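Subject: Structure handover and notes

Dear colleague,

I am handing over the structure below, together with notes on what was found in it. Please read the notes with the coordinates open beside you.

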Amino acid sequence: MENTKKPKILIIEVIEDETSQRKALAEKFTREGYHVLEAKDGEEGLKIALAEHPDIILLDLMMTQMDGMTMLKKLRQQNSWGESVPVILLTNLSADNDKLIQGVADTSPAYYLMKADWTINDVVEKVRERLSREVPTA
Amino acid sequence: MDFIPTAWLERLSVRGKLSIIIGLIVFLLLFGFAEFTFGMKVMSGIRAYVGGEGLWSKAQKAAVNDLTRYSESFDEADYQSFLVLLHVPLGDKQARLELDKDRCDINVVHEGFLAGGNNKEDLDDMVFLYRRFRFVSYMDSAIRTWTEGDAEIERLLTVAARMHAVVSASHGPLDQIALQPQIVPLMEQIHTIDQKLTVLENRFSATLGEGSRFIRDLLFWVTLVGTLVFGTLALLIVLFIRKMIIQVDAAKSEFVSLASHQLRTPATNMKWFLEMIIGGDAGPLNAKQKEYFEEVSENNQRMISLVNMLLNIARIELGTFKQSTEQIQITELIKEALKEYRTLIGFKSLTIHEVYAPDLPVSQIDPRLWSVVLQNVISNAVKYTPSGGTVTIGVSFKEKNETFGGRIMRDDSIIVVITDTGYGIPKDQQDKVFTRLFRGDNVKEKDTDGTGLGLYLVKLILDHLRGDVWFESEENHGSTFYLVVPVSGSIRKKK
């Protein structure tokens, strides 16, 4: 699906099991000119990611079915694309959670941000900033 | 530990557990008291009998003495004296015989013992000992000896009566030599009886002595074992209760933690949608709509701050808050905290003075904890100072053993002093300042925005850091807050 606002096609997948949150992010990023893919849990997200190869993934850590960290680790093991696609983890867990910090370190390139502290525009900025660092793939 | 029904104990209510503890303590006290009283009563009884025996044997010996004199003096007075003296052993005998009856007349017993020269205050204990311990080995043995002694006294009286008959029939002391062949054998018999009585008297005391030593040892062991058993039991229960209290505390903090996490989700959702509405993403808003949505957004933000604060408190109380320290210059954190309130400061035209000591070292501190503390104290200063006021922030460094504010520094410490010209804290409320949900009555009306948790959290964090926080304040003049935090690993800049 081509998006009509900007010439580049950038696909973001939003995996959130919170429909409200997913909706906010999906609509925002669509408005900002991104092509948005959505998944409601880790399993579905993994499938879609491998099929569509989005440029960046926004991933919620706490989900039913397969939780965020598990899905991310699986993704990294899949193939070379899976290893290198940047992922932004969205969480409300406190930042001094050891498992979180270790997980982020292990699954680079990965970043996390605490949803409660970030405005949605901040999230858009972060995505934009991260993508501008990538060499655009054909 | 299996014999203690831990599952049942855990399910007991707090009141139930308390009842058990109190019951145990009361029981222990009563047991101790009963044991002591009993021991004392028995020992006192034994002492009375030994004393009684002393009087018994002295009376008996004196009686034999008088009888011997009588055998030479032929003086009736001596014989009478002999008889009177024997009232002592006879009185005791009366008591003994009465006590051996199934239904005894206590007055007869008392009368007997009193005749035996015993103190009336001892009578109860003597009766108690006899009645309760009649067949216990030591007592039984002593009473047998006593009975034998009484039999000897009977024999003594019989022989003495014979002598009395002989002397009464005579014509006075002049017949004494003539009556020798009759008197001498009688005296021999009396002498034998006296000797036998000596043995019996000694045996009686010795037996009672052994009995009392036995009781002493018995009581010692019973007390020791009892103390150990109950002491251990009480200790185990106390430890158990302590574990419960810790668990309850932890559960409380965990609940707060869980609730806070759950609360964050809808709050975040609302935050983002509000942001998009206010930003015009869903279409243009009229002024009133924008105003109302901004109110909603502010309230939501307040809720998020409150939740964050509750979470911090829960984590510190639970001890799950892990410190991560860095080498940081405190002044940086202060400047960051001031930036947060830049708009409010500008809006109120507040003057901010920053007074930093020139030799402030870079210190190893946890920036997150410090940020929370600084933000809270600075926020209070800024919020509660009216327009045009001044807030002064001073930072200095004191080495170990230097003094500040009348306190000696236990370690190298950083001192932060924040002074404002604000509303102050009323004197009668100053002792509640660091409690949860405290907000001064004087500011509650002026600004409904505070959570009342800020200073509680500050104190919690300072305690956690082993620091100190105190303040001085005067209503309508302003307040000064002092923060002292020990820092190790500080590298002091060369002056």
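In this predicted model, B:Asp194 forms a salt bridge with B:Lys61, their closest N and O atoms lying 3.0 Å apart; a salt bridge here is a side-chain nitrogen of Lys or Arg within 4 Å of a carboxyl oxygen of Asp or Glu. Because B:Asp194 belongs to helix 8 (residues 180–278) of chain B and B:Lys61 to helix 2 (residues 14–73) of chain B, the pair ties together parts that are 133 residues apart in sequence. Helices (H or I, at least four residues) and strands (E, at least two) are DSSP runs, numbered from the N terminus. B:Asp194 is buried at 14% relative accessibility, whereas B:Lys61 is partly exposed at 29%, where buried means under 20% relative accessible area, exposed over 50%, and partly exposed in between (1.4 Å probe, protein chains only).

On conventions, residues are numbered from 1 along each chain as its sequence is written, and chains are lettered from A and ligands numbered from 1 in the order in which they are written. Since the model is predicted, local features need pLDDT of at least 70 and side-chain atom pairs count only at pLDDT 80 or more, while totals for chains, interfaces and linings use all residues; side-chain values use heavy atoms, with hydrogens and water left out.

Over all chains, the structure holds 27 salt bridges. One of them joins B:Asp140 and B:Arg144 at 2.7 Å, N to O, and both residues lie in helix 7 (residues 137–169) of chain B, 4 residues apart, about one turn of the helix. B:Asp140 counts as buried at 16%, but B:Arg144 counts as exposed at 52%. Another salt bridge links B:Glu291 with B:Lys288, with 3.3 Å between the closest N and O atoms; these two residues are both in helix 9 (residues 287–318) of chain B, 3 residues apart, about one turn of the helix. B:Glu291 is partly exposed at 38%, and B:Lys288 is partly exposed at 44%. Salt bridges that share partners also join A:Glu27, A:Lys28, A:Arg31, A:Glu32, A:Glu125, A:Arg128 and B:Asp281 into one network.

Turning to the sheet, chain B has an open sheet of 5 strands in the order 2-4-7-9-8, with mixed pairing; two strands pair if DSSP finds at least two bridges between them. Strand 2 (351–356) and strand 8 (468–474) of chain B each have a single partner strand and stand at the edges, so one side of each is left without a neighbour in the sheet. The twist averages 10 degrees from one strand to the next, with axes fitted as lines to C-alpha atoms (for helices over the stretch in contact) and angles running from 0 to 180 degrees between N-to-C directions.

Strand 2 of chain B pairs with strand 4 (residues 390–398) of chain B in the parallel sense over 6 bridges, and B:Thr390 in strand 4 is the bridge partner of B:Thr351. Helix 10 of chain B lies across strand 2, strand 4 and strand 7 (413–420) of chain B, running at about 170 degrees to strand 2. Helix 12 (residues 367–383) of chain B packs on the sheet, touching strand 4, strand 7 and strand 9 (478–486) of chain B (contact means heavy atoms within 4.5 Å), and its direction makes about 20 degrees with that of strand 7.

Best regards
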